[in-house]
Amino acid sequence: MELNGFHCDAEGCAEEQEEEPKALRLPRSKTDASCSIIATPGADSAAAGGSALREQRVSKSTPAMLRLDSLKKNRPPFPWFGMDIGGTLVKLVYFEPKDITAEEEQEEVESLKSIRRYLTSHTAYGKTGIRDVHLELSDLTLWGRKGNLHFIRFPTHELPAFLQMGRDKHFSSLHTTLCATGGGAFKYEDDFRTMANLQLLKLDELDCLIKGVLYIYSVVSSGPPECYYFEHPTDPERCEQKAYNLENPYPLLLVSIGSGVSILAVYSKDNYKRVTGTSLGGGTFLGLCCLLTGCSTFEEALAMATEGESTCVDKLVRDIYGGDYERFGLPGWAVASSFGSMICKEKRDSVSKEDLARATLVTITNNIGSITRMCALNENIERVVFVGNFLRVNTLSMKLLAYALDYWSKGQLKALFLRHEGYFGAVGALLELPNPS
Amino acid sequence: YILKCTFPWFGMDIGGTLVKLVYFEPKDITAEEELEEVENLKSIRRYLTSNTAYGKAGVRDVHLELRNLTICGRTGNLHFIRFPTAAMHSFIQMGRDKHFSSLHTTLCATGGGAYKFENDFRTMADLELLKLDELDCLIQGLLYIDSVGFNGHPECYYFENPSDTQNCIKRPCCLDNLFPMLLVNIGSGVSILAVYTKDNYKRVTGTSLGGGTFLGLCCLLTGCETFEEALEMASKGDSTNVDKLVKDIYGGDYQRFGLQGSAVASSFGHMMSKEKRDSISKEDLARATLVTITNNIGSIARMCAVNEKIERVVFVGNFLRINTVSTKLLAYAMDFWSKGQLRALFLEHEGYFGAVGAFLELLKSSDDA
């Protein structure tokens, strides 16, 4: 179904059509006398719906809202956010409408306008917030609106500052649902309420992850391909990133590497299970690096790792065997004992911080690769997709994973990567906006 | 050439970190035999059995000695000795100084070092090694010790009520049938074997995050220098100050997938915060390192057990020597994550089975002669 000539995005449409009109969702506060913001139909709607809306703003009578809702087909009010509050980072996706009519703009509440301006005119927020411009999806159609999808992140420990900002900008007066996933949606639920008068719609992080992956993959139609793999990952001369067609994705092993790691076997869009996880994740890499090298950020740790050599830190098979361990097919260059050479004082004194950073990266990455391979084998799945912010700007780990999976599986398994890495949970949360809790 | 069952009887396992040596001391030497005995053989026997420490780092684990063992028609004591692989050249030197090669005995050796140091043995001490595979020896050694028992006591044990780390009890294990078993050998690195019968096994997988990782990281993070120091520190520390737990992220349990708030979500995850780094102790770091390595091994072992459909998981290797924190953690993890389906078993002679297996090979090859 279309509304005033506007097509719904396939995914958005499907969800809307299943739902009943949700007048009950607006407004949030029963005693609030301020205006509710209702998303309006597009520019060329001189239809009855338009004027009804304008009336709606003034009168706020419930029956009119109900009619409006059924006309709008459950389009949620702006702003449209999806939030994933993880162990280390908060990931935020924001939909910036680009099809705002002059009318709509006039009616727009100041705080909503200011939020939009603030988010889209900056690429950095405060000291630690960043908008990943290179990931922006332009000209996206979502629930009948056209606009850009923005990807923003900031450290979870800055959440209080974020809440403060939400309070100062009177976000709660916008009466919009704030869809949030990740552990922080549960941990900080009360803080959102008490500090910024905001009610969270809490969603499961793995549900959101999968929804987000499927959605983003389906809408990225131009620009760099969303899904890719590495050909000749360990050959610096020939290594190439190549596009991968994920149209028929099932079954898929999805490995999400954040502070910790979750491994999911996905059989269809509604059928998945969490196979296992490991606590040796991105947080371990960064935590150990900070301790071992004195660095303080992920970027610093990666920069050091790029310069270092892990073979003087690790004990390799050849250090123990003098060559290959042929009987069980272990090549001499394979690591027998990570950090194993560090039991010797002489060796400790001879390695650099960069070597230690590299060894930490290699150890964590290879452990994840090894566990992943075991899962893929057991679940009988050949395609493995790695996501999560551990892989952000971390081609070293991606190539290692690509190589390890290919080598140890003798070419049976393929490591795949997605450009939007760590944002899928937030996208999945955004997609829940039309659905009530 | 014909291998003779002449003394001395040694079995050697030259690992990545430690050399494990088993030595059979005959106690049934007749007066005649004693008269005939070559001087250097006597001196070797005296040196080994009258000391419990050798040089700076050699140790004889007296508590593991097997007494009155009868093997190949001889009765005696089996001694268990270890020293760092880093001291290998001193050991070979000693072999040369004591004219070991003149004894014309076969030196059965396993572990990577049997290959790595083969030439050194030849050139420095004129000794020829009979090289054996470390996993073959591990299994044969384990089966042998289990069959002869530990001075009348069972070799194998487990923990009852592993979830109660304070009060869980060590209990002897009477296995009617060892097979099939998942054998997890934790040395510098880890090998995981599925053992179906005494002659049928496969190496399922391994992990490079082993005992060497624990010690290496501890030395770097705390300034300690030995395994004993590292364990000492770990026993006093609290890893929850270092690790990010599920409750630190969720504010409680992650109920949807059955993850308790107390489970570790991200090992060392708190250490990205400067404030937290400044507030923890070296003991906390040592504990976190121990817990991280141990739980990772446990997790991988459990996955293998499930895939291979094996319920008995036997943990061996010197990472577990004097390391009750890890043995209890492994016992707990196997039990908890499998909801009681899997059982963790341990063996008293921990890291010596490879050397025993090599020792047995010596006797077997002389049987063939």
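**View 1. Contact of helix α11(A) with helix α14(A).** In this contact (heavy atoms within 4.5 Å), A:Ala301, A:Leu302, A:Met304, A:Ala305, A:Thr306 and A:Glu307 of α11(A) meet A:Lys353, A:Glu354, A:Ala357, A:Arg358 and A:Leu361 of α14(A). By class, these residues are six nonpolar, one polar and four charged. This is a predicted model, in which local features need pLDDT of at least 70 and side-chain atom pairs count only at pLDDT 80 or more. Residues are numbered from 1 along each chain as its sequence is written, and chains are lettered from A in the order in which they are written.

**View 2. Packing angle of the two helices.** Helix α11 (residues 298–307) and helix α14 (residues 353–379), both of chain A, pack at about 100 degrees with axes 7 Å apart. α11(A) is therefore roughly perpendicular to α14(A) (65 to 115 degrees). Axes are lines fitted to C-alpha atoms over the stretch in contact, and angles run from 0 to 180 degrees between N-to-C directions.

**View 3. Interface of chain A with chain B.** Here 59 residues of chain A contact 59 residues of chain B. The two chains bury about 4,600 Å² between them, 61% of it on carbon and sulfur atoms; buried area is the accessible area (1.4 Å probe) lost on being put together, summed over both parts. A:Leu291, A:Tyr321 and A:Ile343 supply 13% of the area that chain A buries against chain B, more than any other three residues.

**View 4. Salt bridge between B:Asp133 and A:Arg327.** Their side chains meet at 3.5 Å, N to O. A salt bridge is a side-chain nitrogen of Lys or Arg within 4 Å of a carboxyl oxygen of Asp or Glu. Five are counted between chain A and chain B.

Technical notes
Heavy atoms only, no water. Helix = DSSP H or I, 4+ residues; strand = E, 2+ residues; numbered from the N terminus. Parallel < 35°, antiparallel > 145°, perpendicular 65-115°, else oblique. Nonpolar A, V, L, I, M, F, W, Y, C, P; charged D, E, K, R; others polar.
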